[in-house]
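Q: Could you take me through a few residues in this one, with the cut-offs spelled out as we go?

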Amino acid sequence: MPRVVDGEERRAHIADAVLRLAAKDGLHAVSLRAVAAESGLNIGSVRHYFDSQHALMRFAMRTTIDRTTARLVERREKIGSLSELPPDEAVDQLAEFLCELLPLDERRRTEVTVLVEFLMAARADPGLDDLAREAVQGTVTLARRILDAQARSGRFEPKDPEIEAPRLAALLDGIAFRAVLQPELTSPEECVAVLRAHLAELVRPAGDTQV
């Protein structure tokens, strides 16, 4: 009996092929024919779900944003108050959480590389601008939520609450983009060290909280 094809599973399979191609050769290499070959499907199967390169690109970026968000939400739920932890442990926990946005392994490197490619493509394609804005603003929103939560616990003390989230987001974007554009100049170890050094500047010693 023929296997029933799960549409969402097939679309995710195609999206993975798009991400691999974009990370390896750039978004210009993402054609329906190339994606069919990369995914092991015939071009008719790809066209059944996506009728254009643009639709493929949007779905791949939407998938990347959603997957990253889901992982961050799962990790955030495991982070409690850091107010009673020693400073190094507090920094370690927050750094581990934020490292989901850094290209420290093949999966995250692919995602960041595709994000860079996508943001560049969006500069010339208004049809991609909404997802590009969502991706960029999402990092700022994440930084603001996590820092606000820990500030309320008394563990972190931003010097300027209005600027600290954009500052942290810029740091994350900067080291992530540098690591995929010039990997020989920015190792995964350096990415983590830079992030930890920044977070350490914000941490109060355990018990040193304000009322």
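A: Helices are DSSP runs of H or I with at least four residues, while strands are runs of E with at least two, and both are numbered from the N terminus. This is a predicted model in which local features need pLDDT of at least 70 and side-chain atom pairs count only at pLDDT 80 or more, whereas totals for chains, interfaces and linings use all residues. Residues are numbered from 1 along each chain as its sequence is written, and side-chain values use heavy atoms, with hydrogens and water left out.

Q: ok, which helix is T64 in?
A: T64 belongs to helix α4, which covers residues 53-76.

Q: and is T64 buried or exposed?
A: T64 has a relative accessible area of 5%, so it is buried, a term that means under 20%, with exposed being over 50% and partly exposed in between (1.4 Å probe, protein chains only).

Q: what is T64 in contact with?
A: Apart from neighbours within four places in sequence, T64 is in contact with L19 and E111, where contact means heavy atoms within 4.5 Å.

Q: switching topic, where is E100?
A: E100 lies in the loop between α5 (87-98) and α6 (106-122), and E100 is buried at 5% relative accessibility.

Q: what does E100 touch?
A: Not counting residues up to four places away in sequence, E100 touches R71, L72, R75, R107 and R108.

Q: how many disulfides?
A: The count is zero, a disulfide being a pair of cysteine sulfur atoms within 2.5 Å.
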